[in-house]
Amino acid sequence: MQHFFLKLLVPALLIQSLYAAEKYDSKTFRVITKECGMCHGTPFYFAKQKDEDGWMEYFEEDQTLVKVHQKDPKALKSVQGKRFRYYREDILKFFIDNSKYSGVVHGCDANFCGTHH
Ligand code: HEC
């Protein structure tokens with residue numbers, strides 16, 4: 001019995017706790033924090049400002065976000081940067097998953113603690 005516990009149950013519990021900790025895409029969370037956060041606030045706060053359709057519109061064409069930030073060289077560096085282009089689909093998915101009517105509310109974790117700015 002003890003043997004069974006160690007061999008099967010412990011790894012199963014460990015794996016489960018890993019998944020539980022990863023309730024959202026924390027890698028993309030960090031990318032958004034870095035690329036957009038200094039102007040738009042935390043990724044969850046930012047995501048909530050639009051509904052799913054709103055986010056789709058901004059990401060439909062490559063040029064839309066460039067146009068929106070036309071007068072802001074710092075922002076252009078973000079939305080035209082390599083990291084943004086690489087994570088573009090993940091970023092859109094993050095915004096949609098956490099958008100206005102998604103009903104998602106986050107508690108505290110290592111990245112985030114329920115603040116709204
Ligand atoms: C250096 C500051 C800065 C950075 C960095 C920045 N933005 Fe913006 N963004 C702005 C400003 C300022 C506006 C408002 C432009 C206007 O309305 O004239 C804006 C507007 C927007 C809008 C239009 C709708 C709205 O909320 O007003 C979207 C969508 C947007 N940004 C997405 C992003 C995303 C996604 C990133 C990161 C990849 C990003 N921005 C990075 C400054 C920034």
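**Reading the fold, the core and the ligand shell**

Guide: Start with the contacts: among those in the protein between residues at least 6 apart in sequence, 69% join residues at least 24 apart. Two residues are in contact if their C-beta atoms, placed from the backbone, lie within 7 Å. This is a predicted model: local features need pLDDT of at least 70 and side-chain atom pairs count only at pLDDT 80 or more, while totals for chains, interfaces and linings use all residues. Residues are numbered from 1 along each chain as its sequence is written.

Visitor: How many helices and strands does the protein have?
Guide: Helices (H or I, at least four residues) and strands (E, at least two) are DSSP runs, numbered from the N terminus. Here you get 7 helices and 0 strands.

Visitor: What percentage of the residues count as buried?
Guide: Buried means that 20 or more other C-beta atoms lie within 10 Å of a residue's own, with C-beta atoms placed from the backbone. Of the 117 residues, 15% qualify.

Visitor: Which residues form the largest nonpolar core?
Guide: A nonpolar core is a set of buried Ala, Val, Leu, Ile, Met, Phe, Trp, Tyr and Cys residues joined through C-beta atoms within 7 Å. The largest has 10 residues: Phe29, Val31, Ile32, Cys36, Phe44, Ala47, Trp55, Ile91, Phe94 and Phe95. Two or more of them come from each of α2, α3 (43–47) and α7 (82–97), and α2 gives the most, with 4.

Visitor: Where is the kink in α7?
Guide: The bend at a residue is the angle between axes fitted to the seven residues ending there and the seven starting there. In α7 there is a kink of about 65°, centred on Arg88.

Visitor: And what do the buried residues of α7 pack against?
Guide: Those residues are Ile91, Phe94 and Phe95, and they pack against α2, α3 and α4 (52–60). Leaving out residues up to four places away in sequence, Ile91 touches Thr28, Val31 and Ile32.

Visitor: Which residues are closest to the ligand?
Guide: A residue is near a molecule if its C-beta atom, placed from the backbone, lies within 6 Å of it. 16 residues surround the ligand, and the closest are Glu35, Cys36, Cys39, Lys74 and Ala75. At least two shell residues come from each of α2 (26–40), α5 (62–68) and α6 (73–79), with α2 giving the most, 5 residues.

Conventions. Buried ≥ 20, exposed ≤ 12 C-beta atoms within 10 Å, placed from the backbone.
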